[in-house]
Amino acid sequence: MPDRLQRAYGLALVIAGVSVALWTTVHPWGTIAGPEVGGSGRWMASHTFHFLGGFFGSLGLLGLVHRQAGAGGLERTGFIVAFIGAVMFTGTGIITAFVWPIMAEHAPVLTELSGPIFTPPHPVIGITALLFSVGFILLWISLARQGLLSKALAGAGVLGALLLIPPPPPLSPVPWIVFPTGGVLFGIGLVALGRVVVESSAPSRLA
């Protein structure tokens, strides 16, 4: 039987998965720029889920720490990169949820597409998205190869992570629907990972 702490870590990943899905589906539709968007109630709700997704994601990953001594290179690399990405994702969530609405009201030029954060896009935006996505991609692939995670659920997570790498409009030409679709699929992968955390107690030696 999994111990209480492992169940807590697994639950944290479930919360993270639901939060990431809500972050992208609750978000104001069509753009991430402009004070009218950044100061809206939907923005604040969406990015609160953004913050919660990163916070509970990084917390839940601690449930895989005990595996890392015996883990292969793919899982270990995925774990490290995913943890760093989740911590950075938490940090950007703090900014977008709790600082961005203040900027939208008192320094609106900072939230405009032509402002200094988006033109050009601040590098932390792309770096965070890349690390958060790539880390979990490697982790899902490794766990699926070991038979600890179904290929279907791993594939859903991987596809979702790939869809979240390009920034949503107007920072990239991808259709807006890519953003919520990616968030929901990524969330499914995180929920599935939570089950792995609860059920797995032996160190990996296969990937």
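Reader: Which residues does serine 19 touch, not counting residues up to four places away in sequence?
Author: This is a predicted model. Serine 19 is found in helix H1, which covers residues 4-26. With residues up to four places away in sequence left out, serine 19 touches Phe49, Leu52 and Gly53.

Reader: Is serine 19 buried or exposed, and what is its relative accessible area?
Author: A residue counts as buried under 20% relative accessible area. Serine 19 is therefore buried, as its relative accessible area is 5%.

Reader: Which backbone oxygen lies 2.8 Å from a polar atom of the side chain of serine 19?
Author: A polar contact needs N or O atoms within 3.5 Å. At 2.8 Å from a polar atom of the serine 19 side chain lies the backbone oxygen of isoleucine 15.

Reader: How many aromatic pairs does a search of the whole structure find?
Author: Ring centres must lie within 6.5 Å to form a pair. Searching the whole structure gives a count of 16.

Reader: What is the geometry of the pair formed by tryptophan 100 and phenylalanine 118?
Author: The ring centres of tryptophan 100 and phenylalanine 118 are 5.7 Å apart. Planes under 30 degrees apart count as stacked and over 60 as edge-to-face, with the rest tilted. The angle between the planes of this pair is 50°, so the class is tilted.

Reader: Where in the chain are the two partners, tryptophan 100 and phenylalanine 118?
Author: The pair links distant parts of the chain, 18 residues apart. Both tryptophan 100 and phenylalanine 118 are buried. Tryptophan 100 is in helix H4 (residues 73-106), and phenylalanine 118 is in the loop between H4 and helix H5 (123-145).

Reader: What class of aromatic pair do tryptophan 176 and phenylalanine 179 form?
Author: Tryptophan 176 and phenylalanine 179 are both buried. Trp176 and Phe179 also belong to one aromatic cluster, whose members include Trp23, Phe89 and Trp140. The pair has 5.2 Å centre to centre and 65° between the planes, and its class is edge-to-face.

Reader: Which residues lie closest to the centre of the largest pocket?
Author: The largest pocket has a volume of about 640 Å³. Its lining holds 30 residues, and the closest to the centre are Ile32, His50, Thr92, Thr96 and Ile125.

Reader: Which element gives the most to the lining of the largest pocket?
Author: Helix H3 (41-61), H4 and H5 are the elements that give two or more residues to this lining. The top contribution is 7 residues, and it comes from H5.

Reader: How many charged residues does the lining of the largest pocket have?
Author: Asp, Glu, Lys and Arg count as charged. The lining has 21 nonpolar and 9 polar residues, and the number of charged residues is none.

Notes: Residues are numbered from 1 along each chain as its sequence is written. This is a predicted model: local features need pLDDT of at least 70, side-chain atom pairs count only at pLDDT 80 or more; totals for chains, interfaces and linings use all residues. Side-chain values use heavy atoms; hydrogens and water are left out. Rings of Phe, Tyr and Trp (its six-membered ring) pair if their centres lie within 6.5 Å; planes under 30 degrees apart count as stacked, over 60 as edge-to-face and the rest as tilted. Helices (H or I, at least four residues) and strands (E, at least two) are DSSP runs, numbered from the N terminus. Buried means under 20% relative accessible area, exposed over 50%, partly exposed in between (1.4 Å probe, protein chains only). On a 1 Å grid over the protein atoms alone, a cavity is a set of points where a 1.4 Å probe fits but cannot get out, and a pocket is an open set with protein on both sides within 12 Å along at least five of seven lines; lining residues have an atom within 4 Å of a point. Grid points are joined across faces, edges and corners, and a volume is the space filled by probe spheres set on the points. A polar contact is a pair of N or O atoms within 3.5 Å; within protein, one must be able to donate a hydrogen and the other to accept it, and residues adjacent in sequence count only if both atoms are side-chain atoms. Contact means heavy atoms within 4.5 Å.
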